[in-house]
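Visitor: I am new to this structure and would like a close look at a single part of it. Could you take me through the salt bridge and then show me what lies around it?

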Amino acid sequence: MTGILSRFLTGLLRLRRGPWETLATILIALGVFMLMQPFALWAFTWSFLVTLTGTVMFIITSHFPE
């Protein structure tokens with residue numbers, strides 16, 4: 001488990017595409033979940049910004065090197 005986390009963090013620091021796209025995808029999924037949940041108004045309020053951040057991040061990181 002430590003090897004996977006270490007590779008992920010190294011990829012983030014070296015601006016590699018894979019880890020950053022993974023992080024952007026997680027942000028998009030989190031934003032959609034925040035949009036659809038009926039319990040917390042603060043989550044619904046911030047859902048668009050989180051989804052938009054993940055989408056823009058994905059577009060930018062798709063230009064990073066492998």
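Guide: Here is a walk that starts at the salt bridge and moves on along the helices.

This is a predicted model, in which local features need pLDDT of at least 70 and side-chain atom pairs count only at pLDDT 80 or more, while totals for chains, interfaces and linings use all residues. Residues are numbered from 1 along each chain as its sequence is written, and side-chain values use heavy atoms, with hydrogens and water left out.

The structure holds one salt bridge, a term for a side-chain nitrogen of Lys or Arg within 4 Å of a carboxyl oxygen of Asp or Glu. Its partners are the side chains of arginine 17 and glutamate 66, with 2.9 Å from N to O. This pair links distant parts of the chain: arginine 17 lies in helix H2 (residues 17–36) and glutamate 66 in the segment after helix H3 (41–61), 49 residues apart. Glutamate 66 is exposed, at 68% relative accessible area, whereas arginine 17 is partly exposed at 24%. Here buried means under 20% relative accessible area, exposed over 50%, and partly exposed in between, with a 1.4 Å probe and protein chains only.

To place this pair, look at the whole chain. The protein chain has three helices and zero strands, in the order α-α-α from the N terminus. Both kinds of element are DSSP runs numbered from the N terminus: helices are H or I with at least four residues, strands are E with at least two. The C-alpha trace spans about 35 × 30 × 15 Å along its principal axes, and buried residues make up 23% of the 66 residues.

Now step back along the chain to helix H1 (residues 2–13). In the loop between H1 and H2 sits leucine 15, which has a positive phi of about 55° although it is not a glycine. Leucine 15 is partly exposed, at 43% relative accessibility.

Further on in helix H2 comes alanine 24, which is buried at 0% relative accessibility. Leaving out residues up to four places away in sequence, alanine 24 touches Gly54, Met57 and Phe58; contact means heavy atoms within 4.5 Å. The C-alpha atoms of alanine 24 and serine 6 are separated by 18 Å, and the two residues are 18 apart along the chain.

Helix H3 is the next stop, and serine 47 is found there. Serine 47 is buried at 2% relative accessibility and, neighbours within four places in sequence aside, is in contact with Gly31, Met34 and Leu35. Tryptophan 46, also placed in helix H3, is partly exposed at 48% relative accessibility.
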